[in-house]
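Reader: I would like to learn how to read salt bridges in a structure. Where should I start?

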Amino acid sequence: AVPGVLMGVRDAAFLKWRFAECPLRSYKFFALFSAGDQRLVAYAVCEARERVLHVCDFLVERDRPGAWARLWMDLSLEAFREGYTSLSLEFLGGEELQRELGRAGMAVRDKRPLFASSAVRWEDLMQESHWYMTCADEDG
């Protein structure tokens with residue numbers, strides 16, 4: 001959890017329920033582990049859509065230097081090796097994470113609105129910079 005960021009649960013139970021045990025679709029899991037202690041540093045859950053590998057969810061340990069770039073570089077290479085022509089993802093997050101996606105070669109192609117309401121005391125958290133949402137947070 002990151003203080004001041006609105007993010008859904010991203011634990012093993014959620015990933016198992018949302019993706020691994022999903023009877024309607026098949027997902028590929030891509031993970032990065034630290035060299036020393038084999039600790040999970042980053043993951044991406046992907047779905048094949050014809051020749052596109054769609055990233056449905058991802059998370060990177062923020063205090064690991066280079067992990068963000070490594071996830072996208074390694075995932076891109078693996079997608080290419082498997083015959084996919086592109087990666088896609090839907091993501092709502094802060095400007096810094098958006099810039100990091102751009103540095104990794106991702107380009108914004110489209111945007112859609114997100115509507116949310118909150119109590120007045122949470123009003124400051126309604127700004128885009130405080131959100132972290134992927135397709136995993138959507139219904140259907």
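Author: Start with one pair in this predicted model. Glu 100 and Arg 62 form a salt bridge, with 2.9 Å between the closest N and O atoms.

Reader: Which parts of the structure does that pair tie together?

Author: Glu 100 belongs to helix H3 (residues 95-103), while Arg 62 sits in the loop between strand E4 (52-60) and helix H2 (67-81), so the bridge ties together parts that are 38 residues apart in sequence.

Reader: Is Glu 100 buried or exposed?

Author: Buried means under 20% relative accessible area. Glu 100 has 12% relative accessibility, so this residue counts as buried.

Reader: How many salt bridges does a search of the whole structure find?

Author: The search gives 16. Another one of them joins the side chains of Arg 99 and Glu 95, at 3.7 Å from N to O.

Reader: Where do Arg 99 and Glu 95 lie?

Author: Both are in helix H3, four residues apart, which is about one turn of the helix. Arg 99 is partly exposed at 42% relative accessibility, and Glu 95 is exposed at 60%.

Reader: What does Glu 96 form a salt bridge with?

Author: With Arg 103; the closest N and O atoms of Glu 96 and Arg 103 are 3.0 Å apart. Glu 96 is partly exposed, with a relative accessible area of 36%, whereas Arg 103 counts as exposed at 59%.

Reader: Which residues are linked in a network of salt bridges?

Author: Glu 95, Glu 96, Arg 99 and Arg 103 are linked in such a network.

Methods. Residues are numbered from 1 along each chain as its sequence is written. This is a predicted model: local features need pLDDT of at least 70, side-chain atom pairs count only at pLDDT 80 or more; totals for chains, interfaces and linings use all residues. Side-chain values use heavy atoms; hydrogens and water are left out. A salt bridge is a side-chain nitrogen of Lys or Arg within 4 Å of a carboxyl oxygen of Asp or Glu. Helices (H or I, at least four residues) and strands (E, at least two) are DSSP runs, numbered from the N terminus. Buried means under 20% relative accessible area, exposed over 50%, partly exposed in between (1.4 Å probe, protein chains only).
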